[in-house]
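Biologist: I would like to learn how to read strands, helix packing and chain contacts in a model. Can we take one feature at a time?

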Amino acid sequence: MTSVAQTPLLAVRDITVRFAGLTALSEVSFDVLPGELFAIIGPNGAGKTSLFNVLSRVYRPVAGQVTFEGRDLLRLRTDQIVGAGIARTFQNLGQFPYTPVLDYLLLGRHSRMRSGIMRGGVYVGLAAAEERENRAYCLRLLALLGLEPYRDRPLGSLPFGLQKRADLARALATQPRLLLLDEPVAGMGLEESQDLAAIMLDVREQLGITQILVEHDMAMVMGIADRVLVLDFGRVIAQGTPAETQADPSVIRAYLGEEQVDANTGG
Amino acid sequence: MTLFIQLMFSGLALGSDYALIALGFTIIFKASEVINFAQGEFLLVGTFVVSTAMFSWRLGFFPAVLLGMGVTVLIGVIFERVVLRRMIGRPPFTIIMVTIGLDVLLLTAVTILVGSNSPGAPAPFDIVSAITVGGVKFGLNALASIVITILICVALYAFLRYTRYGLAMRATAIDQEAARAMGIRISTVYALAWGISGAIATIGGVFLAAGAGNPVFDVGLGQGALVAFPAIILGGLDSIPGAVVGGVVIGLVYVLTQGYEASGFLGVNFHTISPYLVMILVLLIRPYGLFGTRKVERI
Amino acid sequence: MSAPGPVGSSAPVAALLGLPRSSRSRALALVGAILLALIFLFGGDGWVSILDFTMVAAIAALGLNVLSGYAGQISLGIAFFMGIGAYTAAWLGGSPPQLPGDPAGLGLSFVIWLPASGIVAAFIGALIGPTALRLKGFYLGIVTLALVFIGQYLFINLRVITGGQQGRFNFPAPTIGDFSFASPNPIFGVQLTTNQCFFLPLLPLLALVAVFIANIARSRPGRAWQAVRDNETAAAIMGINLFEAKIGAFVLSSFLAGTAGALDASLSGIATPGTWSLLLSIQFIAAILIGGVASVWGSILGAAFVFAIPTALNTFSLLPQNASSTGISSGDLSAIFYGLLIIVFLLFEPAGIIGLARRIRTANQRIETRRKGGETTTATTTAVASSEREPQLDVERMDLTRRADAPQ
């Protein structure tokens, strides 16, 4: 379907990650094209989150390359990734329970703001103007995502679904060109999941932001993703459109195996 | 050469005291990931009780030590039960701070109780008694502290290795959730850790006080025990053999610099900072100590 | 724990100056100001002296709160940086040696030694920071503990500057022309005591520091500090440069500690190595924990609590007679008190006195709103948002409201 000539936005080549002898990822390669909604799926412990941790420079791969818009991502520090145009949402929330929602979004604006200690301390003038502008931006983003009524509430006091949405808003506030969504609907009810899927489709159609999502929920992935990458035990076992991967025998095997594991450990 | 052997011996003796103090930290940290800043004052309280029991109540050395151990075990277990139990899941910062609060309390309590008339320092032998071999004086208290430390290490090893509770403690240290799932009562493990640590603190404190050669009980004992911090950092917070090795190394560094600083070019009191300088050097090279384990970031 | 920034204030000028916004806190501030004025004018020299020392301590407590409260980096090293500031001031401002054994002094003006004491401490902080801040939590705590001991060693041994074990006495006093802040002076015909003279520059200085930090707290660097405190890895993923955030807090904290150390030495006229001990660091930790972590007012209240109360008990022999005869000093008594309070506050109110106050206030508000029949505040917030100048940004192109109505 996708044209062959199109240059990928993100190119991942032969990424291998090891922890103390344990191989978390083994020679993983894939391309993500501009505007795509790309999904990474796989059973528990397949290496999905490890892969995200490579893309956001939390884990250092022992081998391989990652290029984003022709730029070598592995040369950047963790905090420079946002500036390069990649934002990420968190799988587990609760890191910032006391932060008010609006301040949380402003954290997303951090890399687009300039004030340091001196400017911030003096406040009057440059810092005040910058705060005003970015607050306005975040407030509109909150309004767009229906989070306005909660702007001063500490994140930890919100229901889980709204926290996830606030986290997505924070990632969008960075004005990314690539959005990494780490299990965006995990722990959500059906209705909340559908809301979020709708937002993701809007983000792609209306903002043209490329998205990679790591997800457990097969039904959701198959419904909205353009292409799917399937990981198992740190290896790529299949890659293609949802229909293609669903029919792939190795994928079916991996998932059947997972169900047995799930049954043994009780979920 | 005689001076060197003398210093090596004193260093080993002091190092064994530090090893005991360091063990106290490590046991608590391994079991519950709590850094007990008040460990130094546990030493102080224990030694004060022993001292009072010996000199005011005329108890013998051994009953007095048992009494001291009883008090520190009790304080440790009560503090764990009443305060720390409620702080599970709070950030490490908060937990360290709460033990600093306990540190202030214990230190001040002992300061007030001692008042202006200090009791004598407790020791198993007279502080000047020693065996002299080839011009080197082997103090009996120093010898005793080395022997006792070795005995405690062996006992601790046997306890962790061969008893049910020791196994429970090791399992909890590796994976608390899994240990709980296996039916281990975490609260028992915590209480045990604080109890053992409190008991060791009294023994370490008595030998530290005896080793200092000061005939009078000194309220600064807990402060002196802070040198065990470089020891546990050297060893890595979560390693029991590391604590022992770190303690001995720091003891040697302390005594050797003290012995040779008389030459003067390093100024007064250089030995008070030499353990910290060694620690900083080690941390520059290995941020998790010599035997410690690095944690993988999870997000 | 994190201080919510003043959002959409009705009085932007007051907000810019960091003035209290609600009428209740304005009334409180007024009462405080009147109380200060009364003590200053009629309280007598003893009380004014206590005020002076408390204000100096509050500057250092603010410094510690920047590093530990806002940025979450454990530090036991504040006493070290205060000592550095004190001896820098002593060396630059102290009178030149009269006798062969006297410590060195350059006799410079306070316009030089006061900022210099902060800058030298900040510079040393900047030297140590990169190494120390690679370490986390407890490790950082112990390295800063080591700083205190290294400081003790240096302060005893660098006699040319510090005067050695017994310390040095020829301390600089801030002077403007003929007006010395460290001796009795008349102002507009009113005869002021030494402590009253000192009070005059100290109060605005503390106010300046407090407003500066409150401003940082509600802007980009302050948010970054608090994010780093709450979760380093997540903060880095959100685009915060951990090193920059931590080193900034470390250097600013050292600067404030150095300044406070210089002021303390200048005020007391003496600096001995024993002053800059571990105990002092622990007292400052107690101050911010009891007053309020990551709170400007908390730092000031905490400093007053830990440093003013024991001195007040001492100066005015407020202790019962039998207590002093049994050998309990006011220092011991207050140590018991704050040791206990650290534990109690951490257990039940981790945000300190300020958190307690905030809790009482919200409880009151809740009672009031219930009485009024529960008005919501959303009306005012939307009004503010729409009145802002709106830069054209790409979210404008998006219409998500259709599908993304907030579930109520």
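The dialogue below goes through the chains, a sheet, some helix pairs and a chain contact.

Biologist: What should I know before I start?

Modeller: This is a predicted model, where local features need pLDDT of at least 70, side-chain atom pairs count only at pLDDT 80 or more, and totals for chains, interfaces and linings use all residues. Residues are numbered from 1 along each chain as its sequence is written, and chains are lettered from A and ligands numbered from 1 in the order in which they are written.

Biologist: How many helices and strands are there in chain A?

Modeller: Definition before count. Helices (H or I, at least four residues) and strands (E, at least two) are DSSP runs, numbered from the N terminus. Chain A has ten helices and ten strands.

Biologist: What is the radius of gyration of chain A, and what would a compact globule have?

Modeller: The radius is taken over C-alpha atoms, and the globule rule is 2.2 Å times the number of residues to the power 0.38. For 267 residues a compact globule would come out near 18 Å; chain A has 19 Å, which agrees. The C-alpha trace of chain A spans about 65 × 40 × 40 Å along its principal axes.

Biologist: Now the sheet. In what order do the strands of the open sheet in chain A lie?

Modeller: The general idea is that strands of a sheet pair through backbone hydrogen bonds, either parallel or antiparallel. Two strands count as paired if DSSP finds at least two bridges between them. Here four strands of chain A form an open sheet in the order β2-β1-β4-β5, with antiparallel pairing. β2 and β5 (71–72) of chain A are the edge strands; each has a single partner strand, so one side of each lacks a neighbour in the sheet. Helix α1 (residues 48–55) of chain A packs on this sheet and touches β1, β2 and β4 of chain A. The direction of α1 makes about 65 degrees with that of β2(A). Contact here means that the C-beta atoms of two residues, placed from the backbone, lie within 7 Å.

Biologist: How many bridges join β1(A) to β2(A)?

Modeller: Seven, and the two strands run antiparallel. A:Leu10 has A:Val32 as its bridge partner in β2(A), and A:Val17 stands opposite A:Leu25. The hairpin of β1(A) and β2(A) has two residues between the strands, and A:Ala20 takes a positive phi near 40 degrees there. On to β4(A): β1(A) pairs with it in the antiparallel sense over five bridges. One of the partners there is A:Gln65, for A:Arg13.

Biologist: How many helices and strands does chain B have?

Modeller: Twelve helices and two strands. From the N terminus on, its elements run α-α-α-α-β-β-α-α-α-α-α-α-α-α. The radius of gyration of chain B is 19 Å, close to the 19 Å from the globule rule for 299 residues, so chain B is as compact as a globular protein of that length.

Biologist: At what angle do α5(B) and α8(B) cross?

Modeller: Axes are lines fitted to C-alpha atoms, for helices over the stretch in contact, and angles run from 0 to 180 degrees between N-to-C directions. Angles under 35 degrees count as roughly parallel, over 145 as roughly antiparallel, 65 to 115 as roughly perpendicular and the rest as oblique. Helices α5 (residues 140–162) and α8 (residues 186–212) of chain B cross at roughly 160 degrees, and their axes come within 9 Å. They are therefore roughly antiparallel.

Biologist: Which residues make the contact of α6(B) with α8(B)?

Modeller: Geometry first: the axes of α6(B) (residues 164–174) and α8(B) come within 10 Å and cross at roughly 100 degrees. The two are therefore roughly perpendicular. B:Tyr165, B:Ala168, B:Met169 and B:Thr172 of α6(B) meet B:Ile186, B:Val189, B:Leu192 and B:Ala193 of α8(B).

Biologist: Last, how many residues of chain C are in contact with chain B?

Modeller: 37 residues of chain C, in contact with 36 residues of chain B. The largest share of the chain C side, 13 residues, comes from α6(C). Between the chains, α4 (residues 92–114) of chain B and α12 (residues 278–291) of chain C pack at about 120 degrees, with axes 11 Å apart. These two helices are therefore oblique to each other. B:Met97, B:Ile100 and B:Val104 meet C:Ile282, C:Ile285 and C:Leu289.
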